[in-house]
Amino acid sequence: MKLPIPWGRLSRRNARQLVAFLILVGVVLYVRSLLEADEKIQSWEQPLDVAVIQLTPDETPIPDEFTRTFFAPSSYPADRGTSLHAIPRWLRDESVRLTGRDRTLIRFHLFGPTVFREPPPKPSDSFFGRIVAGFSFRSYLKRVATAASVDLSKFLVKLVLVYYSPGKPVDKHSDSYGSFRDHAGLVYVPTAIADIPYNVAEITHELMHTFGAKDKYDGRATVFPGGYAEPFKAPLLPQRFAEVMAGEIPLAPNRLRPVRGLDELRVGHETALEIGWLDDETVRRYYKGGRRTRE
Ligand SMILES: [Zn+2]
């Protein structure tokens, strides 16, 4: 039997309302899951499991000597941070220095290397460009996970390392990427032993983005005071360390030096606030009071 027209219209309207309602519920649940993940990361109550997914763009083998050095068991700080495994130790030391709490903060889980030919999406600086780049990065990450057999739901934080031959022109700094919204980062890694200390610092920088830290450089300039590891040192320049989100050591006006190892990187108070290590009040007092560092 055919429904009378008013009922038919009503049910179509109901159906539309139902679809709109379900979409809304879906969006609310999605946003809530993201916020829960944000909170979980920044509470630092449990060690964070970080999936480190290694990719190579072709079958060119990674030199054995590089792999041996890059993945060497770390004796940080004695080794100055010349292997990937120094990063969890460095983060722990920084937490002790700033918060007094000594605990395991992150654990790396390595996957690959997997041959994956699709080039990673490029990050963008514009507002709309960032939205589009975010979408393409998320779908890229899903394809990467499938290729590398990684169950993304098991890892709160994801880090993709894209290896390339040192001779290849890649702007590894501006093309590397780290996002708090996605809790994921991507870093280009040249397979050159001499570059490892810098790469480890770069990976640390992108990893800090996935915890909520923001950049503290503006073009070639270091933002003051947040981008300084010791903003109240007298004289201010040269600095001894680079703030991890500024990435380079300010030596003199307009003169910066890239770090040579993790031991030259420090977490500044503003970054510590952004990643949930310190509270607002402590950080405000620190910058207002000009407290000298303990070092
Ligand atoms: Zn950055």
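Confidence in this predicted model averages a pLDDT of 88 over the protein, and 93% of the residues score at least 70. The lowest confidence is in helix α5, residues 172-175, where the mean is 60. The highest is in strand β8, residues 242-243, at 98. Where pLDDT is low, the predicted coordinates should not be read in detail. That caution applies to helix α5, given its mean of 60.

The next topic is the overall division of the chain. The protein has two parts: domain 1 covers residues 43-210, and domain 2 covers residues 217-289. Taken over C-alpha atoms, the centres of domain 1 and domain 2 are 22 Å apart. The two domains also touch, with 20 residues of domain 1 in contact with 18 residues of domain 2.

Which elements give two or more residues to the side of domain 1 that touches domain 2? They are α3, residues 86-99, and α6, residues 196-210. Helix α6 supplies the largest share of that side, 7 residues. Sorted by class, the side of domain 1 that touches domain 2 holds 11 nonpolar residues, 7 polar ones and 2 charged ones.

The helices α3 and α6 can also be looked at as a pair. Their axes come within 11 Å and cross at roughly 60 degrees. Why is α3 described as oblique to α6? Roughly perpendicular begins at 65 degrees and roughly parallel lies under 35, so a crossing at roughly 60 degrees makes α3 oblique to α6. The crossing of α3 past α6 is right-handed. On the α3 side, the contact is made by Ala86, Ile87 and Trp90. On the α6 side, Val200, Ile203, Thr204 and Leu207 take part. Of the residues in this contact between α3 and α6, 6 are nonpolar, 1 is polar and none is charged.

The peptide bond from Gly112 to Pro113 is cis, with omega near 10 degrees. Pro113 is part of strand β2, which spans residues 106-115. Further along is Ser149, in the loop between α4, residues 127-147, and β3, residues 157-164. Its phi is near 55 degrees, a positive value in a residue other than glycine.

Another cis peptide bond joins Leu237 and Pro238, and here omega is about 0 degrees. Where does Pro238 lie? Pro238 is in the loop between β7, residues 221-222, and β8. Strand β8, at the end of that loop, is also where confidence in the protein is highest.

Key:
Residues are numbered from 1 along each chain as its sequence is written. This is a predicted model: local features need pLDDT of at least 70, side-chain atom pairs count only at pLDDT 80 or more; totals for chains, interfaces and linings use all residues. Domain bounds come from an automatic or database domain assignment. Two residues are in contact if their C-beta atoms, placed from the backbone, lie within 7 Å. Helices (H or I, at least four residues) and strands (E, at least two) are DSSP runs, numbered from the N terminus. Ala, Val, Leu, Ile, Met, Phe, Trp, Tyr, Cys and Pro count as nonpolar, Asp, Glu, Lys and Arg as charged, and the others, Gly among them, as polar. Axes are lines fitted to C-alpha atoms, for helices over the stretch in contact, and angles run from 0 to 180 degrees between N-to-C directions. Angles under 35 degrees count as roughly parallel, over 145 as roughly antiparallel, 65 to 115 as roughly perpendicular and the rest as oblique. A crossing is left-handed if the near helix is turned anticlockwise from the far one by less than a right angle, and right-handed if clockwise. pLDDT is the predictor's confidence in each residue, from 0 to 100.
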